[in-house]
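Please look over the chain shown here before reading on. The report that follows takes up aromatic pairs, a pocket, the overall fold and a few individual positions.

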Amino acid sequence: MTTSLFDLSVPTYLQTVRSIGACLDKVVVHCSETGIDPDDFVEARLVSDMAPFWFQIECVDNYSVWGLDALRHGAFNPPELVGAIPFGELRSRLSKTEAALLEFKPDEVNAWSGKHLDMQIHTNPQTSAFTSETYLLSFLLPNFYFHAVTAYDILRTRGMPIGKSDFEGQLRVLDTSNLAGAHH
């Protein structure tokens with residue numbers, strides 16, 4: 001069985017966007033139980049020279065939704081940063097990210113497979129040549145996961161009771177219910 005561009009991207013993004021969203025939901029519950037203001041997380045950082053929590057959430061959106069738009073249009077043009085917003089709006093942003101990802105259809109995304117892309121990436125002043133697959137696997141997904149993990153790590157360092165399974169979210173396991181009769 002081959003893996004399609006859609007399979008590599010949309011369900012992968014959705015798994016992590018949903019898990020980070022669930023972690024943010026746990027922040028709200030934890031804060032209500034402990035008297036902490038969830039907005040205290042907005043500007044939180046791992047270290048002083050790293051971007052704050054709000055930036056990590058924006059990048060989870062940008063490297064997923066806007067990353068797929070780059071495959072569609074041949075240019076990575078994320079919107080200008082919104083900046084620090086209340087914690088509840090960060091959670092709302094992830095809900096919008098999930099909804100936008102659900103709009104991508106397999107036939108649409110798979111049609112971009114093998115597409116040649118010349119992209120200028122902020123870390124390299126020169127234009128780099130990619131295919132859709134190499135752009136996804138070597139640039140978009142590493143950046144997406146970097147920011148998702150950093151958001152998770154910020155929450156952990158601020159005492160949130162979340163663990164690895166919270167980050168992993170709902171795993172995409174094989175549905176064996178249809179295989180039971182195949183062995184007879």
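## Aromatic pairs and their surroundings

Y135 and F139 both belong to helix α5, which spans residues 132-157, and they sit four residues apart, about one turn of the helix. The model is a predicted one, and in it the structure holds 10 aromatic pairs. One of these pairs is formed by F53 and F87, whose rings are stacked with 6.2 Å centre to centre and 10 degrees between the planes. This pair links distant parts of the chain, since F53 lies in helix α2 and F87 in helix α3, 34 residues apart. F53 has a relative accessibility of 0% and therefore counts as buried, and F87, at 1%, counts as buried as well.

Y135 and F139 also form a stacked aromatic pair, with 5.3 Å centre to centre and 25 degrees between the planes. Because buried means under 20% relative accessible area, Y135 falls in that class at 0% relative accessibility, and F139 falls in that class at 6%. Beyond the pair itself, Y135 and F139 belong to one aromatic cluster together with Y63 and F130.

## The second largest pocket

How much space lies in the second largest pocket? The computed value is about 150 Å³. The pocket is lined by 13 residues, and the closest to its centre are L14, Q15, R18, G169 and Q170.

Helix α1, residues 5-34, supplies the largest share of the lining of this pocket, namely eight residues. Sorted by class, the lining of the second largest pocket comprises five nonpolar, four polar and four charged residues.

## The chain as a whole

The secondary structure of the protein chain comes to six helices and two strands, and, read from the N terminus on, the elements run α-α-α-α-β-β-α-α. Taken along the principal axes, the C-alpha atoms of the chain fill a box of roughly 55 × 50 × 25 Å.

The protein chain has 184 residues, of which 43% count as buried. The accessible surface of the chain comes to about 9900 Å², and 55% of that surface belongs to carbon and sulfur atoms. Among the contacts in the chain with a separation of 6 or more, 71% are accounted for by residues 24 or more positions apart.

## L81, between α2 and α3

L81 is placed in the loop between α2, residues 53-73, and α3, residues 87-102. Is this residue buried, partly exposed or exposed? With a relative accessible area of 44%, L81 is partly exposed.

Which residues does L81 contact, leaving aside its neighbours within four places in sequence? They are W54, F55, E58 and N62. For F55, which is 26 residues from L81 along the chain, the C-alpha atoms of the two residues are separated by 8.0 Å.

## D39 and D40, between α1 and α2

D39 is found in the loop between α1 and α2, and D40 has its place in the loop between α1 and α2 as well. D39 is partly exposed, with a relative accessible area of 38%, whereas D40, with a relative accessible area of 54%, is exposed.

Once its neighbours within four places in sequence are left aside, D39 is in contact with P86 and F87; of these, F87 is the residue that forms the stacked aromatic pair with F53. The C-alpha atoms of D39 and V28, which are 11 residues apart along the chain, are separated by 9.8 Å. For D40 and V173, 133 residues apart along the chain, the separation between the C-alpha atoms is 36 Å.

## L174, after α6

L174 lies in the segment after α6, the helix of residues 164-168. Its relative accessibility is 63%, so L174 counts as exposed.

Methods. Residues numbered from 1 in each chain as written. Predicted model: local features only at pLDDT ≥ 70, side-chain atom pairs only at ≥ 80, totals over all residues. Heavy atoms only, no water. Buried < 20%, exposed > 50% of the residue type's maximum accessible area, 1.4 Å probe, protein only. Contact = heavy atoms within 4.5 Å. Phe/Tyr/Trp six-rings, centres within 6.5 Å; stacked < 30°, edge-to-face > 60°. 1 Å grid on protein atoms, 1.4 Å probe; cavity = no way out; pocket = protein on both sides within 12 Å on 5 of 7 lines; lining within 4 Å. Points joined across faces, edges and corners; volume = space filled by probe spheres on them. Nonpolar A, V, L, I, M, F, W, Y, C, P; charged D, E, K, R; others polar. Areas by Shrake-Rupley, 256 points an atom, 1.4 Å probe, with all protein chains shown as cover.
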